Amino acid sequence: MVSENRTMIRKPFKYGCICMLDALGTKGVWNNVDPNIFIKKIKLVIKSAKEIFKNIDLIFQNSPQFSSMKFKVSNFSDTIIITAQQRYNYDNFDYFSFLPIFAGLIGTIVAHGVLNEVFFRGAISHGEFIDRDSIFVGPAVDDAAIWHERADYIGVLLTQTAGLAVDSYSKINSIADSFLLKSNAPIKNIADSCKLYSVNWLLSADSMRIQARIPNKISTEAIIERKFAEKPIPEIAYNKYENTVKFLQECRAEINKRNLNIEPLPIKFAV
């Protein structure tokens with residue numbers, strides 16, 4: 001018989017944001033390219049991600065409450081986990097306003113991967129979790145883990161929980177965030193598309209191309225098309241390619257409609 005006076009389990013969680021990214025096309029990659037080159041490219045993206053967060057004070061120099069966040073980049077084989085949690089407590093910290101900013105930083109990482117022909121899919125969640133020696137536990141971790149495997153395109157979606165937080169913030173502040181695009185995100189094993197936020201990483205890619213002096217005629221879309229055209233597209237990957245093309249068309253339309261552009265981060269990226 002279970003005692004009614006069970007001791008409550010203390011949950012030492014902290015609020016934060018978490019993103020899980022998977023590099024696509026790693027299965028059997030050794031058949032198509034030199035695996036050492038592919039590994040080198042993934043390591044380059046991870047190095048750049050760490051460089052972003054090492055210089056976070058420069059990025060958030062006008063927002064001291066955001067620079068109080070502790071960022072961490074971990075990787076397990078071809079999966080990258082990026083987290084942000086408060087280093088110390090701010091009573092008036094605006095959690096919901098930080099979420100779109102975190103998404104923008106993730107967009108920079110995904111864009112850098114694309115320009116180096118490493119394609120990611122993933123998901124962002126927010127909420128409570130704990131990180132002990134790169135072991136992540138908590139409701140936000142579970143949420144991101146479930147959704148990051150469902151994304152059926154090159155891109156990063158916000159889970160439904162994270163999307164509701166963005167909606168709440170947007171309605172209160174009457175803003176539309178540049179880095180987020182709400183559309184019918186392609187989800188595996190779901191017949192109908194879900195109306196979810198995705199990270200508009202094309203905006204970051206455009207900024208990086210200018211910074212790296214890549215000619216305008218070589219668009220981000222062209223880089224993806226060239227990569228997929230190297231060999232026949234497997235049936236299992238065709239939907240992902242088609243979904244990505246459609247998503248990028250939506251991103252480009254949004255960029256042109258709102259005349260969006262962003263200042264390059266104060267970091268040099270190898271492209």
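These legends describe close-up views of a predicted model. Residues are numbered from 1 along each chain as its sequence is written, and side-chain values use heavy atoms, without hydrogens and water. Local features need pLDDT of at least 70 and side-chain atom pairs pLDDT 80 or more, while totals for chains, interfaces and linings use all residues.

**View A. Hairpin of β2 and β3.** Strands β2 (residues 69-76) and β3 (residues 79-86) run antiparallel and are joined by 8 bridges. Strands are DSSP runs (E, at least two residues) numbered from the N terminus, as are helices (H or I, at least four residues); two strands pair if DSSP finds at least two bridges between them. S74 has I81 in β3 as its bridge partner. The hairpin has 2 residues between its strands, and S77 in the turn has a positive phi of about 60°.

**View B. Strand β6 and its pairing with β4.** β4 (residues 120-132) runs parallel to β6, with 4 bridges joining them. I124 stands opposite L158 in β6. Strand β6 (residues 155-158) is covered on both faces: G155 and L157 are buried on one side, V156 and L158 on the other. Buried means under 20% relative accessible area, exposed over 50%, and partly exposed in between (1.4 Å probe, protein chains only).

**View C. M208 in helix α7.** Helix α7 spans residues 201-211 and contains M208. M208 counts as buried because its relative accessibility is 4%. L115 lies 93 residues from M208 in sequence, yet their C-alpha atoms are 8.6 Å apart in space.
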